Amino acid sequence: MKKRGEDLQKNAHAVQGLQATGSPSSAIMSVFRVFQQELDTKHDKYERLVKISRDVTIESKRTIFLLHRVTSVQDAEAVLNEADSKLDAVRQKIGQIAKELQGEDIYQFHRAFTPGIQEFVEAASFLHYIRHRSLVSLEEINARLVFVRPEEPPSMDSVEAGPAGALTFQVTPSDYLLGVADLTGELMRLCISSVGNGDIDTPFQLSQFLRQIHDGFFYIGNTGPYEVSKKLHVLRQSLGKVEDACYTLRVRGSEIPKHMLADVFSSRSALIDPDEGPV
């Protein structure tokens, strides 16, 4: 907002100076050149944010694919550490977004970077669930998006000064909710793969966890962002598939060999909603 005020003041001075020249047409053209420069600067920044957001999306998806490789307790820590390293690189990309947004109204550029932020929230919450079996909070995510400015190396003074020595990025509540809604699809896939690996306990844990998320979104209802209501349908489908898997395990688990359970669940999921696209 401060930058916007400075731009308006600059434009006003330009108009006053050009009015003094006594040439109305040249004064108008000069003012429009100032506006053109301002719009070009805004559009260039918007395109840079789109490109950074695309990189954040790609690297976050790769982190999610990596986390699906966790198949046992023995190899879990190695995979989780590698995922941490990937998310650290993603956070550095988000630091570039924060730098671009310095002194700007973020909601003017929100559409440019929201896809990447939602994907980052999905990856970070997926990693947090695998490690802690709980949902990461918005405050925990934002606490990890504090960056030291390159021109100000870390020191005791800068740490004590807080915001003066750091660059922060705050995930909006709507981006957090949309990222958590996408998380449910990955948890559904984790349920199916867990059964295929002989893990019978995880599906029941996931069923209870997804039910809590569903109840939370249901409590928000129509008061939340419009996009949340659209993703609520997919969330219910994911919950239904996990509950269907738990039902099959409880009722027919002893009849079906463990190595065939994942195939049975996959085929049943396809029959439930054959027209559903990727979650």
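Leaving aside neighbours within four places in sequence, Glu 186 is in contact (heavy atoms within 4.5 Å) with Ile 64, His 68, Glu 122 and Phe 126. This is a predicted model, in which local features need pLDDT of at least 70 and side-chain atom pairs count only at pLDDT 80 or more, while totals for chains, interfaces and linings use all residues. Residues are numbered from 1 along each chain as its sequence is written, and side-chain values use heavy atoms, with hydrogens and water left out.

**Glu 186**
- Glu 186 is found in helix H7 (residues 173-196), helices being DSSP runs of H or I with at least four residues, numbered from the N terminus.
- With a relative accessible area of 9%, Glu 186 is buried, a term that means under 20% relative accessible area with a 1.4 Å probe and protein chains only.
- The side chains of Glu 186 and His 68 are joined by a polar contact of 2.7 Å, that is, a pair of N or O atoms within 3.5 Å of which, within protein, one must be able to donate a hydrogen and the other to accept it, residues adjacent in sequence counting only if both atoms are side-chain atoms.

**Glu 122 and the annotation**
- The UniProt annotation "binding site", from an unreviewed entry, covers Glu 122 and Glu 186, and such annotations may be inferred rather than shown by experiment.
- Although these two are spread over 65 residues of sequence, they cluster in space, with a largest C-alpha distance of 8.7 Å.
- Glu 122 lies in helix H4 (residues 110-132) and counts as buried at 5% relative accessibility.

Terms used: Helices (H or I, at least four residues) and strands (E, at least two) are DSSP runs, numbered from the N terminus. Buried means under 20% relative accessible area, exposed over 50%, partly exposed in between (1.4 Å probe, protein chains only).
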